[in-house]
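Good morning, colleagues. Please look at the sequence and the model on the screen while I speak about its helices.

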Amino acid sequence: MDDTAQAHPGGADDGLLHRRWHDCLVAVRGGADGPDPAPYAADLLARWAEPQRRYHTTAHLVAVLDHIDTLAGYAADPDAVRLAAWFHDAVYRPDRSENEERSAALARRALPEAGVPDGVTAEVARLVRLTVTHDPADGDADGEVLCDADLAILAAPPRQYAAYAAQVREEYGFVPDDAFREGRATVLRQLLALPRLFRTPYGTEHWEPRARKNLLTELELLGH
């Protein structure tokens, strides 16, 4: 059974994440000297561990990074996509609608400080904003890889998908049940209306059918 769409089990290993951040940052700097990567990783990991998060946690970050590793051969700049993964939910407040824009702004502030070239910084910010719609333009290889990696949870086995859906509900615990069901159903319909949920050949082959089945099942359980 394909297991690349499964979330990272248990908690995330901060030491391993520090190493992954370090290696990615050094790679995009092209070996040039720059500030110590560790404080930037620590700041991002603190954000990913905020108490309002139930699904958008370090476990989700690890899962997205793992999926990017699976899909890296399709990307034009895999390390820029990895940096975008670190930032794509770095700002996350369930009661606000501008999370992606604020996450992109954080990347634009932090990455030049960390020694990342301007072109890569701009690409990271662009990719983060794409996660609003998960609808990259045809031929946007980096956008396709990030969006596929972010949506891979939709293709999880049924029990794991149910756990994901429950975590999302917990994040929106301040929303009354009827309003949540209506809003969630709208999101699911928007996803199902996309011609393809996944754009990479791997995602299309391995994740698309199971993801659509999961989305339809959740929609039915919501009474829609």
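Predicted model: local features only at pLDDT ≥ 70, side-chain atom pairs only at ≥ 80, totals over all residues.

Which exposed residues does the face of α11 turned away from its buried side carry? They are P209, K213, E220 and L221.

Helix α11 comprises residues 208-221. The buried residues of α11 are E208, A211, N214, L215, E218 and L219. Because these cover an arc of only 135° around the axis, they lie on the same side of α11. Just after α11, G223 adopts a positive phi of about 85°.

I turn now to α9. This helix has 17 residues, and from its first C-alpha to its last it reaches 24 Å, close to the 24 Å expected at 1.5 Å a residue. Its buried residues are F180, R184, A185, L188, L191 and L192. What covers the buried residues of α9 includes α7 (141-151), α8 and α11.

Next, α6, which runs over residues 118-130. Its 13 residues reach 19 Å from first C-alpha to last, close to the 18 Å expected at 1.5 Å a residue. Buried in α6 are V120, T121, E123, V124, A125, L127, V128 and L130. Among the elements covering them are α1, α4 (78-88), α5 (99-113) and α7.

Finally, how do α1 and α2 pack, and at what angle? Helix α1 (residues 14-28) and helix α2 (residues 38-48) meet at an angle of about 125°, with their axes 9 Å apart. The two helices are therefore oblique to each other. The crossing in which α1 passes α2 is right-handed. On the α1 side, D14, L17, H18 and W21 make the contact, and on the α2 side A38, Y40, A41, A42, L44 and L45.

Thank you for your attention.

Technical notes:
Residues numbered from 1 in each chain as written. Heavy atoms only, no water. Helix = DSSP H or I, 4+ residues; strand = E, 2+ residues; numbered from the N terminus. Expected span 1.5 Å × (residues − 1). Buried < 20%, exposed > 50% of the residue type's maximum accessible area, 1.4 Å probe, protein only. Arc of directions from axis to C-beta. Contact = heavy atoms within 4.5 Å. Axes fitted to C-alpha atoms, helices over the stretch in contact; angles between N-to-C directions. Parallel < 35°, antiparallel > 145°, perpendicular 65-115°, else oblique. Left-handed = near helix turned anticlockwise from the far one by under 90°.
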